[in-house]
Amino acid sequence: MAEEEAPKAWSFADQNKDEQAVALAALVLDQCGEGDDKFAPEKFEAVLKAAGLSVAPHWVSVFSKAATLAGDSLAALPPPEAAKRVPP
């Protein structure tokens, strides 16, 4: 009987691998980064390198600029439980 290959812990779709990798790096930086430059391209590259991933260089630039522009705007949103409240 042939041995089955063990499932991978994490798998990226080939088509979207770069975008997914950089998006996950942005989430890491958002939660762990500090300062005004927490979305600097160098920090994206460090997270990707630590994860053993490489992406096309333009993705780092695109996500770095987008995340910097978005900043902490998500922190201004009400908590999820506030959305569940129904006004009287």
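Begin by selecting F39 and F44, both of which are buried, where buried means under 20% relative accessible area, exposed over 50% and partly exposed in between, with a 1.4 Å probe and protein chains only. Before going further, note that this is a predicted model, in which local features need pLDDT of at least 70 and side-chain atom pairs count only at pLDDT 80 or more, while totals for chains, interfaces and linings use all residues. Residues are numbered from 1 along each chain as its sequence is written, and side-chain values use heavy atoms, with hydrogens and water left out.

**The aromatic rings.** Keep F39 and F44 selected and show their side chains: a search of the whole structure finds two aromatic pairs, and F39 with F44 forms a tilted one, at 6.5 Å centre to centre and 35 degrees between the planes. Rings of Phe, Tyr and Trp (its six-membered ring) pair if their centres lie within 6.5 Å, and planes under 30 degrees apart count as stacked, over 60 as edge-to-face and the rest as tilted.

**The whole chain.** Now zoom out and colour by secondary structure, which gives four helices and zero strands in the protein chain, in the order α-α-α-α from the N terminus on. Helices here are DSSP runs of H or I with at least four residues, strands are runs of E with at least two, and both are numbered from the N terminus. Of the 88 residues of the protein chain, 19% count as buried.

Select residues 17–32, helix α1, and residues 41–50, helix α2, which pack at an angle of about 110 degrees with their axes 9 Å apart. That makes α1 roughly perpendicular to α2, since angles of 65 to 115 degrees carry that name, under 35 counting as roughly parallel, over 145 as roughly antiparallel and the rest as oblique. The axes are lines fitted to C-alpha atoms, for helices over the stretch in contact, and the angles run from 0 to 180 degrees between N-to-C directions.

Next, show A21, V22, A25, A26, V28 and L29 in α1, which meet K43, F44, V47 and L48 in α2; contact means heavy atoms within 4.5 Å.

**The nonpolar core.** Select A21, V22, A25, A26, L29, F39, F44, L48, V55, V60 and A67, the 11 residues of the largest nonpolar core, a core being a set of buried Ala, Val, Leu, Ile, Met, Phe, Trp, Tyr and Cys residues joined through side-chain atoms within 4.5 Å. Helices α1, α2 and α3 (57–70) each supply at least two residues of this core, and the largest share, five residues, comes from α1. Within this selection, pick A26, which touches F39 and F44 when residues up to four places away in sequence are not counted.

Move on to K38, in the loop between α1 and α2, which counts as buried at 11% relative accessibility. Draw a distance from the C-alpha atom of K38 to that of A26, and the separation is 9.4 Å for residues 12 apart along the chain.

Finish at D18 in helix α1, which counts as buried at 18% relative accessibility and, with neighbours within four places in sequence left aside, is in contact with S54, V55, A56 and W59.
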